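Here is a short report for a first look at this structure. Keep the sequence and the 3D view open while you read.

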There are 2 protein chains.
Amino acid sequence: MKGFEELSKEFMERFNNNHFPDHPSSLYEPASYFLGMGGKRIRPVMCLMGNELFDQITPDAWQVSMAIELFHNFSLIHDDIMDHAPLRRGMPTVHEKYGESTALLSGDVMLVVAYDYINKIGSSYLHKIIHIFNRMAMKVCEGQQMDMNFEKSEEVSLADYLEMIELKTSVLMASSLQMGAILGGTGERNSQLIYEFGKNLGLAFQVQDDYLDAFGDPLKFGKQLGGDIVANKKTFLFIKTLEFANPGQLRELKELINSNPPDKVQRVLKIFSACGVDGWAKDLKEEYFFKAMKHFEDIAVLSSRKEPLLQLARFLLQRDF
Amino acid sequence: MKGFEELSKEFMERFNNNHFPDHPSSLYEPASYFLGMGGKRIRPVMCLMGNELFDQITPDAWQVSMAIELFHNFSLIHDDIMDHAPLRRGMPTVHEKYGESTALLSGDVMLVVAYDYINKIGSSYLHKIIHIFNRMAMKVCEGQQMDMNFEKSEEVSLADYLEMIELKTSVLMASSLQMGAILGGTGERNSQLIYEFGKNLGLAFQVQDDYLDAFGDPLKFGKQLGGDIVANKKTFLFIKTLEFANPGQLRELKELINSNPPDKVQRVLKIFSACGVDGWAKDLKEEYFFKAMKHFEDIAVLSSRKEPLLQLARFLLQRDF
């Protein structure tokens, strides 16, 4: 078995080719530019690992992994437009560099090319893979819409928030693993189990990401600390704090949101900590991680084949035990 | 055989159902709103007629016709964003009513649902139909990108313009007919011929549309006369005028574009006429129409089955002979 690192390397070699026609370059050059920014390519490799869990990697899994990464990048290009984000990975976003209309169209055409890769797989799995891919694509759009709704909404419940991150983040990981597993020839039960594994892993990962945005080590995390706080994002830390805070803390929190003082991040973090949401977040991440592991253990395959995916799960959640 | 009117009626009955999940309504309600604006549904009915040309309409043709209409509406929602169009068919566009981000996402999800309809057809044609659908979708994006490029470009050649309208308009008509024909069980040669028929018909139709925008009867045409002239669009009338005009006419044309006087449309039309581009446009439309007919005649099928498509072609090009 190859495992995450070797598969990442192989995937990047195959992916770093031209996916688009030459003409008109005003449409396709921006699409290639965005792909050239790089990325960890975790999702397509999850598809390959879901495939390798059951046997040697099949040619169809390579095609679907390409489609997954193109889909992911399509969604990022469009998300960047919606978020008015000027930079991604330190480089100008597509709409920033080429204008919004071109970014919109480059994203559209990238989604079509993703379907083109799917169309390269054999007949026996084509209907099923398109079905899963479409459900996944719809849910990612739904998650992005919910995320936008939250920006304008005064009251976001924890249940709403968890549904949003499930749709926006976890479903793509879950579906990537599941499509790989199905192409590896596994049956319905294993395919459901690996989906649930991926879904809960994705939830734990997103909870961790939100936690690290507030409490992480900026050097290790690689992002500006408290970005979500600055943007008044209704992460679960914020939602839970509203629930736990006493009237004085609530008043201070609302004042900080409205006045945006220079020490806002520091003071909000202090309220978060005083309300105990950091510990609560760690518990929630653990909860999802253990749910993920429970489903993973139940997958009926030789346990030695599970080793690479287990390592990936630990790596994603920065756990060593 | 049912023919255009009966098939239109049947298509609209089937299409006027809900295509989307209920939740989140903030994503799917805007998509349904746009579909509810109506439209002539010419393209999906062309798919059905391409299918009926060879036999009774198959269930697969109905599915693909749904996908075609959803694709067409996806492209309109995104085009409206790019064109900053406030109205379509007299109603607020999606981005105008719900905001740009929601319009972008509603379009995205509509494209995914289009693929969902395609995924309902049988295995034997699935690869082939997706292949044609994807080529078509890419070309429509390419055409829209070229159209946007022209807005900023000083020099647009007639060849560029004709390529753009082929991509933006004709390919969808051509592919709709072709997919229907393939699902009707016809062979490679007929499938190529019907594509060429549709492509040339679409080109004739677009040339007519540009002509009518300038010289049509406003009551019959249903649009504001000279809209393209007001917007300084580089239609073939404009491109050809630049070629035929004498230095005095050229000077006046450039002055009119820069100064936008109240009598601009009237005066530009006068130059168009003086340069003879109205006659030239009629000839070009005829040329494409006869090319379309030549390919249509060559399709190897009983000539009585061709009658409905022939009527449609005449109707689209407002010709009675």
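The model is predicted. Chain A holds 16 helices and two strands. Its radius of gyration is 20 Å, close to the 20 Å from the globule rule for 321 residues, so chain A is as compact as a globular protein of that length. Along the principal axes, the C-alpha atoms of chain A fill a box of roughly 65 × 50 × 30 Å. Two percentages describe the inside of the chain.

| Property of chain A | Value |
|---|---|
| Residues that count as buried, of 321 residues | 45% |
| Contacts joining residues at least 24 apart, among contacts between residues at least 6 apart in sequence | 74% |

Next comes the partner chain. In chain A, 32 residues are in contact with 32 residues of chain B. The elements of chain A that give two or more residues to this side are α2 (25-36), α4 (59-83), α6 (100-118) and α7 (123-152). α7(A) gives the most, with 15 residues. By class, the side of chain A that touches chain B has 17 nonpolar, 12 polar and three charged residues.

Now for a single residue. Ala281(A) sits in helix α15, residues 277-298 of chain A. Is Ala281(A) buried or exposed? Ala281(A) has 22 C-beta neighbours inside 10 Å, so it counts as buried. Beyond its neighbours within four places in sequence, Ala281(A) is in contact with Val207(A), Tyr211(A) and Leu237(A). Lys240(A) is 41 residues from Ala281(A) in sequence, and their C-alpha atoms are 9.2 Å apart in space.

Conventions
Residues are numbered from 1 along each chain as its sequence is written. Chains are lettered from A and ligands numbered from 1 in the order in which they are written. This is a predicted model: local features need pLDDT of at least 70, side-chain atom pairs count only at pLDDT 80 or more; totals for chains, interfaces and linings use all residues. Helices (H or I, at least four residues) and strands (E, at least two) are DSSP runs, numbered from the N terminus. A residue is buried if 20 or more other C-beta atoms lie within 10 Å of its own, exposed if 12 or fewer, and partly exposed in between; C-beta atoms are placed from the backbone. Two residues are in contact if their C-beta atoms, placed from the backbone, lie within 7 Å. The radius of gyration is taken over C-alpha atoms; the globule rule is 2.2 Å times the number of residues to the power 0.38. Ala, Val, Leu, Ile, Met, Phe, Trp, Tyr, Cys and Pro count as nonpolar, Asp, Glu, Lys and Arg as charged, and the others, Gly among them, as polar.
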